[in-house]
Amino acid sequence: MTQAQTDSRVIVALDYPDAARARDFVGRLTPGSCRLKIGKELFTRAGPALVEELQGRGFEIFLDLKFHDIPNTVARACEAAADLGVWMVNVHTLGGSRMMVTAREALERRSGRRPLLIGVTILTSMGEGDLAEVGLTGSPADNVARLAGLAQAAGLDGVVCSPQESRLLSGQLGSGFVLVTPGVRPAGSTTDDQQRIMTPADALAAGSHYLVIGRPITQAEDPVAVLEAINRELAP
Ligand SMILES: O=C(O)c1cc(=O)[nH]c(=O)n1[C@@H]1O[C@H](COP(=O)(O)O)[C@@H](O)[C@H]1O
């Protein structure tokens with residue numbers, strides 16, 4: 001792994017509808033202040049070229065496409081992400097152990113730097129009622145703990161979970177297992193469609209390694225000021 005470009009724990013979610021708006025926003029940031037997440041909307045519109053462009057500007061990229069398919073398809077998709085040179089890539093743990101193991105083995109066969117392979121557990125937009133509807137019994141935390149255990153056993157580097165589950169997971173899986181947590185809201189900001197949220201400082205104290213933050217930064221009147229305030233709140 002090469003030297004990290006930043007000490008910031010913040011990954012800014014670039015949930016923009018087109019490359020121009022994403023570029024415009026990123027133009028205000030420096031690679032020292034955060035990492036960037038490119039997800040389904042922006043990647044579907046702007047493709048690998050934007051990933052390469054932003055990496056060329058020095059940013060480390062979390063490619064958040066949440067792969068969930070048969071093992072071979074997911075493994076090949078992870079290899080494609082690694083070819084792009086991204087820092088982090090994710091798959092859905094609900095795809096099962098075989099899918100996760102196959103993806104990890106495909107990345108391990110590569111030489112040179114490989115992306116961190118992270119498993120999505122239960123989406124932070126889902127509560128107990130949503131889980132029951134799709135046939136998952138128990139609380140979100142129960143399900144997250146089970147799926148994170150599967151991810152660790154499959155050799156993944158970490159999971160995406162709500163910061164509300166970070167303390168439980170770092171106790172259960174150890175502090176070396178990477179916890180990436182969306183559902184982070186600075187005190188006083190709106191919840192939007194997130195259900196299981198925490199403030200940045202509380203998330204870090206609970207054991208989160210990286211905080212994925214979108215709208216509280218991207219839709220702020222002064223995004224740079226909000227990002228700087230969060231970085232200050234998280235500084236040791
Ligand atoms: O994998 C993710 O990043 C993710 C997983 C999850 O369970 N919940 C979740 O919100 N996310 C992503 O995290 C970001 C959160 O954005 P905001 O709610 O605007 O801060 C979005 O880009 C989501 O796609």
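Asp64 counts as buried because 25 C-beta neighbours lie inside 10 Å (buried denotes 20 or more other C-beta atoms within 10 Å of a residue's own, exposed 12 or fewer, and partly exposed the range in between, with C-beta atoms placed from the backbone). The model is predicted: local features require pLDDT of at least 70 and side-chain atom pairs pLDDT 80 or more, whereas totals for chains, interfaces and linings use all residues. Residues are numbered from 1 along each chain as its sequence is written.

Asp64 is found in strand S3 (helices, H or I of at least four residues, and strands, E of at least two, are DSSP runs numbered from the N terminus). Apart from residues up to four places away in sequence, Asp64 touches Lys37, Ile38, Gly39 and Asn90, contact being defined by C-beta atoms, placed from the backbone, within 7 Å. Asp69 is located in the loop between S3 and H3 and counts as partly exposed, because it has 14 C-beta neighbours inside 10 Å. Beyond neighbours within four places in sequence, Asp69 is in contact with Val74 and Gly95.

In helix H3 (residues 71–84), Val74, Ala75, Cys78 and Ala81 are buried. These buried residues fall within an arc of 115 degrees when seen down the axis of H3, so they line one face of the helix; the arc is that of the directions from the helix axis to the C-beta atoms. The buried residues of H3 pack against strand S3 (61–67), strand S4 (88–92), helix H4 (97–108) and strand S5 (116–120). Asn72 and Asp83, both exposed, are carried on the face turned away from the buried side of H3.

Key. Expected span 1.5 Å × (residues − 1). Contact = placed C-beta atoms within 7 Å.
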